Amino acid sequence: MGDTPGATAVSEPSLDEQIAAYQREFRDLDPQVEKVVSALSRLNRRMNVAYGRQTAALGISNAEWEVLKALVLSGSPYRLGPSDLAKRLGLTPAAMTHRIDRMVGEGLVTRERDESNRVRVIVELTDEGRSKWLEAMRMATVFEEELLQDLSTEERGALGEMLTRLLRRVEDTQPDAGGRLSDLD
């Protein structure tokens, strides 16, 4: 866009402009509902971009961050099987294998046969992987504090409770919505 003579950048409409356009085309729209949903969608997209910049600065992708996070959440000794990781991340086994291959090559995880069951493979977080996870958490904490700086402690608590209720509603009505529709990496 910027390199083409006479071209102008097209910016995203404001939430109010978007809702007005939707109402023009779809009269049954509830503007309050649409404002909440559109704001959440935009916030999610922008937060993912910000987190992506942070993980890129550490030399890892958001996809790799998700694996590191899943291993940390599993608890010490930070080990899971590839199929468990795939289920937790909503990926196909093939996509998970591709991701693990990359991460083994980068020294973030190891992949070894389970000594108690030679058929089973175990993926384990390395010291390097844990270090990257900790640094990403430090960076995210700064970003998240800045994001919420204009909210009081009470407002943060109330917002957290409201968003958790919305999340529960989606989880209860769309139990398969935690995964992805297709492999993105």
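Me: Where does Pro 77 sit?

Reply: Pro 77 is placed in the loop between α3 and β1. Please note that this is a predicted model.

Me: And the peptide bond from Ser 76 to Pro 77, cis or trans?

Reply: That bond is cis, with omega near 15°. Tyr 78, in the loop between α3 (62–73) and β1 (79–80), has a phi near 60°, a positive value in a residue other than glycine. In general, most residues other than glycine have a negative phi, and most peptide bonds are trans.

Me: With which residues is Tyr 78 in contact, leaving aside neighbours within four places in sequence?

Reply: The contacts of Tyr 78 are Leu 71, Val 72, Val 123, Glu 124, Leu 125 and Arg 130. For Val 123, which is 45 residues away along the chain, the C-alpha separation from Tyr 78 is 8.4 Å.

Me: On to the sheet. What is the order of its strands?

Reply: The sheet is open and has three strands in the order β1-β3-β2, with antiparallel pairing. β1 and β2 are at the edges with a single partner strand each, so one side of each has no neighbour in the sheet.

Me: What packs on the sheet?

Reply: α3 does, touching β1, β2 and β3, and its direction makes about 105° with that of β3. α5 also packs on the sheet, where it touches β2 and β3; the direction of α5 makes about 115° with that of β2.

Me: How many bridges join β1 to β3?

Reply: Two bridges join β1 to β3 (residues 117–125), and these strands run antiparallel. Arg 79 has Glu 124 as its bridge partner in β3.

Me: How many join β2 to β3?

Reply: Six bridges join β2 (residues 109–114) to β3, again in an antiparallel arrangement. Val 109 has Leu 125 as its bridge partner in β3, and Glu 112 stands opposite Ile 122.

Me: Changing topic: which residues of α4 are buried?

Reply: In helix α4 (residues 82–89), the buried residues are Leu 85, Ala 86 and Leu 89. They cover an arc of only 100° around the axis, which means that they lie on the same side of α4.

Me: What do those buried residues pack against?

Reply: The buried residues of α4 pack against α3, β1, α5 (93–105) and β3.

Me: One last item, Glu 34. Is that residue buried or exposed, and what is the nearest side chain of opposite charge?

Reply: Glu 34, which belongs to helix α2 (residues 31–57), is buried yet has no salt bridge. The nearest side chain of opposite charge is that of Arg 42, 8.4 Å away. A salt bridge would require a side-chain nitrogen of Lys or Arg within 4 Å of a carboxyl oxygen.

Me: What is in contact with Glu 34, apart from neighbours within four places in sequence?

Reply: Glu 34 is in contact with Gln 18, Ile 19, Tyr 22 and Leu 29.

How values were computed: Residues are numbered from 1 along each chain as its sequence is written. This is a predicted model: local features need pLDDT of at least 70, side-chain atom pairs count only at pLDDT 80 or more; totals for chains, interfaces and linings use all residues. Side-chain values use heavy atoms; hydrogens and water are left out. Helices (H or I, at least four residues) and strands (E, at least two) are DSSP runs, numbered from the N terminus. Contact means heavy atoms within 4.5 Å. Two strands pair if DSSP finds at least two bridges between them. Buried means under 20% relative accessible area, exposed over 50%, partly exposed in between (1.4 Å probe, protein chains only). The arc is that of the directions from the helix axis to the C-beta atoms. Axes are lines fitted to C-alpha atoms, for helices over the stretch in contact, and angles run from 0 to 180 degrees between N-to-C directions. Lys and Arg count as positive and Asp and Glu as negative; His and the chain ends are not counted.
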